[in-house]
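Thanks for coming. I have one model to go through today, so please bring it up on your screens.

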Amino acid sequence: MCEAVLVLQSRIVMLVDLDYFFAQCEENRNPAIKGKPVVVCVYSGRTEDSGAVSTANYVARKYGVKSGIPISLAKKKLKDTDAVFLPVDKPFYKQISDNIMDILRSYSDHLEQVSIDEAYLDMTNRTKESYIEAKHIAKTIKQEILAQTHLTCSIGVGPNKLVAKVAADVQKPDGLTVVRPEEVRSFLAPLPVRSLVGVGKKTEQKLDTLGVRTVGHLAIFDVQHLIEIFGRKLGTYFHNASLGIDDDPVEERNEPESVSRISTLKEDTRDLQVILKEAYRLCEDVHKRLLKRELMYRSVGIRVVASNLAAYSRSKTLENPQNDLETFTATVKELFEKFLDESDVEARRVGVRLSSLTKKEDMQQSLTRFFGA
Ligand code: DCP
Ligand code: CA
Ligand code: CA
C-alpha cells in the first residue's frame with residue numbers, strides 16, 4: 001500500500017520590529033527629549049490640535065497615550081508633564097528604515113519587509129536549523145542595529161512567521177524571544193486571542209461570547225464549529241493559528257533595490273588581499289542571486305564595518321548596466337584599494353553590493369524602442 005506522507009521542512013523564521021519607531025527616531029535626532037513623553041503626531045491642519053497620534057515613546061505610553069488616539073486626548077493625558085509633541089517626518093524615518101533593512105538583508109537570503117519598521121527573515125539556511133545559532137545571530141543583529149543607528153528593536157524567533165510575530169510582541173522594548181517548535185503550544189496557550197495576527201477587536205468579541213479568551217481555549221475549540229461561525233477560510237485559519245501552524249513563506253514583496261552580502265572577517269585587518277579574498281567570495285554569491293532574478297546592475301558598492309563598529313560605504317556607478325562577475329569584482333577591488341588608501345580603518349566586517357538594478361527584459365525593451373523595432 002502506498003501512503004502519502006507530507007514532510008514539511010522545518011524552518012527558522014525571525015521577525016524584527018523596531019521599538020516605538022517614529023518616536024525613537026525623533027529621540028535620536030534630538031537626545032535632549034529622551035526621558036520625556038514624546039508623541040509623534042499626524043496633524044490634520046483643521047485646528048491646532050486636530051489629528052491623531054502616530055506613535056509615542058514608552059514614557060508617554062505609561063500615561064495611556066498610543067497610536068491612533070486624538071492629539072487633543074493625548075494632550076489631556078499628558079497635561080502636567082513636560083511632554084514633547086512633534087509632527088511626523090516620514091522621509092527621515094524612511095532613510096533610517098532603509099539603512100536597517102540593508103543591515104537585515106546581510107543576515108538572510110530571504111527578507112520580507114512588511115512595514116517601515118518590520119521585516120521577516122528566513123534564517124533556516126544561515127542557522128543550519130539551529131535555534132542556538134538563531135539566538136546568537138538575533139543578538140548580533142540587535143547589536144549592529146544599535147551600533148549603527150542607535151535604535152533598539154524587538155526580535156521574535158520561531159518555526160514560522162505567525163509564531164515569530166507573536167514572539168516579537170510579547171517582550172518589548174528591546175526584547176528577544178525564541179520559541180522552539182516543541183514550545184509553540186505552551187507558549188501560545190496563555191496569550192489572549194488578540195495576540196494572533198488576524199484577530200481584531202470584532203473577532204475577539206465574538207470569541208469572547210463563546211467563552212474563548214486565550215489561544216489555548218481556541219486550540220481546543222471544535223474546528224467545525226469555528227468554520228460554521230467564521231466561514232471555512234477564516235475558521236480554518238484561526239484553528240491552525242491557535243496551534244501555531246503556518247506555512248506562509250518569507251517572500252520579498254517587490255523587486256529588490258539592491259542585492260548585497262556582508263560577512264565578518266576571521267580577524268580585524270587592513271590587508272587588502274585578505275579583504276578581497278572574502279569580498280570575492282561574497283561577490284560570487286551576490287552575483288548568483290542577481291542572475292537568478294534576471295537583473296542587471298549599474299552600481300557597485302562596498303561596505304566596511306570597523307573594529308569600533310563604525311560603518312563606511314563606497315560605491316561607483318557604471319556607464320551602462322552590466323551583469324557579469326568580472327566587472328563586479330574589478331570594481332570591488334578598485335573601491336577597497338581606494339578606501340584603504342584614504343582611511344586608517346581596520347575592517348571587522350566587509351560587504352559588497354549591487355544596486356541600480358533593472359530587469360533584463362527592460363533593457364531589451366528599451367533597446368527595441370531605441371532601434372524603433
Ligand atoms: N504608525 C502610525 N499609525 C498607527 C500605527 C503605527 O503612524 N496607527 C507608525 C508609527 C510607528 C510605526 O508606524 O512608529 C510602526 O508601528 P508599530 O505598530 O510597530 O509601533 P511602534 O514601532 O511605534 O511601537 P512598538 O514599540 O510597539 O513596535
Ligand atoms: Ca515597532
Ligand atoms: Ca511594526
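**Loops, sheet and metal site**

I start with Leu309, which is found in the loop between strand 10 (295-306) and strand 11 (311-322). Strands here are DSSP runs of E of at least two residues, helices are runs of H or I of at least four residues, and both are numbered from the N terminus.

Before going on, the conventions. This is a predicted model, where local features need pLDDT of at least 70 and side-chain atom pairs count only at pLDDT 80 or more, while totals for chains, interfaces and linings use all residues. Residues are numbered from 1 along each chain as its sequence is written, chains are lettered from A and ligands numbered from 1 in the order in which they are written, and side-chain values use heavy atoms, with hydrogens and water left out.

Back to Leu309. Its phi is near 75°, a positive value in a residue other than glycine. Most residues other than glycine have a negative phi, and most peptide bonds are trans. Leu309 counts as partly exposed because its relative accessibility is 27%; buried means under 20% relative accessible area, exposed over 50%, and partly exposed in between, with a 1.4 Å probe and protein chains only.

Ser356 also has a positive phi, near 50°. Ser356 sits in the loop between strand 12 (347-355) and strand 13 (358-359), and at 41% relative accessibility it is partly exposed.

Then there is a cis peptide bond, from Lys172 to Pro173, with omega near -10°. Pro173 belongs to the loop between helix 6 (161-170) and strand 8.

Next, the sheet. What is the order of its five strands? The sheet is open, the order is 5-6-1-7-8, and the pairing is mixed. Two strands pair if DSSP finds at least two bridges between them. Strand 5 (110-115) and strand 8 (176-178) are the edge strands, each pairing on one side only. On average, neighbouring strands of this sheet are turned by 15° against each other, direction ignored. Axes are lines fitted to C-alpha atoms, for helices over the stretch in contact, and angles run from 0 to 180 degrees between N-to-C directions.

Strand 1 (residues 13-18) pairs with strand 6 (residues 118-122) in the antiparallel sense, over five bridges, and Leu15 stands opposite Tyr120 in strand 6. Helix 5 (residues 131-149) packs on the sheet and touches strand 1, strand 6, strand 7 (153-158) and strand 8. Contact means heavy atoms within 4.5 Å. The direction of helix 5 makes about 165° with that of strand 7.

Now the metal site. Which residues coordinate the calcium ion (ligand 3)? They are Asp17 (OD), Asp117 (OD) and Glu118 (OE), at 2.2 to 2.5 Å. Donors are N, O and S atoms within 2.8 Å of the metal (3.2 Å for Na, K and Ca), and water is not among the atoms, so sites may look incomplete. Asp17 bridges this ion and the calcium ion (ligand 2), and the two ions lie 3.5 Å apart. Asp17 in strand 1 and Glu118 in strand 6 are 101 residues apart, a link between distant parts of the chain. Both Asp17 and Glu118 are buried.

Last, ligand 1. A polar side-chain atom of Asp117 lies 3.0 Å from an oxygen atom of ligand 1. For Tyr58 the corresponding distance is 2.8 Å, and for an N or O atom in the side chain of Lys172 it is 2.6 Å. A polar contact is a pair of N or O atoms within 3.5 Å.

Notes: A polar contact is a pair of N or O atoms within 3.5 Å; within protein, one must be able to donate a hydrogen and the other to accept it, and residues adjacent in sequence count only if both atoms are side-chain atoms.
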